[in-house]
Amino acid sequence: MCPPGSDRKTPFTRSARRQRTREARNSQTVSHGLEPQLERIDALFVQGAARFTSKQGTVTLHGLADSTVYFADRPRREIGHIPSHRFVELWAAGVHSFAVDPPNAVISFLDDEGNTSDVVVVLHEATLEGADLTYRIDVLEGTLPEEAGPCSLFIDVFGRPLSPVSVAGSKRRPLRQPRGA
């Protein structure tokens, strides 16, 4: 029961307002003000699409999701979304951009039998037309079919080498020989 003369709504309203403010700070939709933050953290990026097609030296993601997810491991442990069109616009921004140092990536998709297949690539020159995103690519490992259904593209951080801890390097772990072998 509330004390006489108190306004029940005031504490709730303030609490709800604080909660909304906290939630707004915690859910990070990348805006122009947050773009520099992407350069300060080792963010990995994930793009999803309804399908892809490939030709010699290119891959096109058709039905690209509206947002590209990014996440970072320790020490920052951040996750957020950036509109996919902004991701493409930022491709050549900054001295450590993907245009200067093309990222490794893994295209993960379902093959004709419904099994998951992965192909390791280097991404160059991103071009967005509507909901279709085309990359010029160099295939490092695996074979891309001419087309496939639902797919995800896992993009390594700026300047990340093809190491066992990178997205693309993790695909090579089974190929590594144990020390002393």
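Is phenylalanine 98 buried or exposed in this model? Phenylalanine 98 is buried, at a relative accessible area of 3%, where buried stands for under 20% relative accessible area, exposed for over 50% and partly exposed for the range in between (1.4 Å probe, protein chains only). The model is a predicted one, in which local features need pLDDT of at least 70 and side-chain atom pairs count only at pLDDT 80 or more, while totals for chains, interfaces and linings use all residues. Residues are numbered from 1 along each chain as its sequence is written, and side-chain values use heavy atoms, with hydrogens and water left out.

A look at confidence comes next. The pLDDT, the predictor's confidence in each residue on a scale from 0 to 100, averages 75 over the protein chain, and 64% of the residues score at least 70. The pLDDT is below 50 over residues 5–39, a stretch that has 29 contacts in the model beyond near neighbours in sequence; a contact means heavy atoms within 4.5 Å. Residues 159–167 also have a pLDDT below 50, with 24 contacts beyond near neighbours in sequence.

Ten strands make up an open sheet in the order β5-β4-β1-β10-β6-β7-β8-β3-β2-β9, with antiparallel pairing. Two strands are taken to pair if DSSP finds at least two bridges between them. The edges belong to β5 (79–83) and β9 (147–148), each of which has a single partner strand, so one side of each is left without a neighbour in the sheet. Strands of a sheet pair through backbone hydrogen bonds, either parallel or antiparallel.

Several pairings can be followed residue by residue. Strand β1 (residues 43–49) pairs with strand β4 (residues 67–72) in the antiparallel sense over four bridges, and valine 46 stands opposite valine 69 in β4. Strands β2 and β3 run antiparallel and are joined by five bridges, with serine 54 opposite valine 59 in β3. These two strands form a hairpin with two residues between them, and glycine 57 in the turn has a positive phi of about 85°. On to the next pairing: β3 and strand β8 (residues 132–141) are also antiparallel, joined by five bridges, and the bridge partner of histidine 62 in β8 is aspartate 132. Strand β3 is mostly covered, with four of its five residues buried. Elsewhere in the sheet, glutamate 125 belongs to strand β7 (residues 116–129) and has a positive phi of about 45° although it is not a glycine.

Threonine 53, in strand β2 (residues 51–55), is partly exposed at a relative accessible area of 21%. Not counting residues up to four places away in sequence, threonine 53 touches Thr58, Val59, Thr60, His62, Glu146 and Glu147. Its side chain makes a polar contact with the side chain of histidine 62 at 2.8 Å; such a contact is a pair of N or O atoms within 3.5 Å, where, within protein, one must be able to donate a hydrogen and the other to accept it, and residues adjacent in sequence count only if both atoms are side-chain atoms. Threonine 53 and alanine 148 are 6.6 Å apart in space, C-alpha to C-alpha, and 95 residues apart in sequence.

Threonine 60 lies in strand β3 and is buried, with a relative accessible area of 12%. The side chain of threonine 60 makes a polar contact with that of threonine 134 at 2.8 Å. Leaving aside neighbours within four places in sequence, threonine 60 is in contact with Arg51, Phe52, Thr53, Asp132, Leu133 and Thr134.

Rings of Phe, Tyr and Trp (its six-membered ring) pair if their centres lie within 6.5 Å, with planes under 30 degrees apart counted as stacked, over 60 as edge-to-face and the rest as tilted. By this rule the count comes to seven aromatic pairs. Phenylalanine 87 and tryptophan 91 form an edge-to-face pair, 6.1 Å centre to centre with 75° between the planes. Tryptophan 91 and phenylalanine 98 form a tilted pair, 5.0 Å centre to centre with 55° between the planes. Phenylalanine 87 counts as buried at 4% relative accessibility, and tryptophan 91 is buried at 7%. One aromatic cluster is formed by Phe45, Phe87, Trp91, Phe98 and Tyr135.
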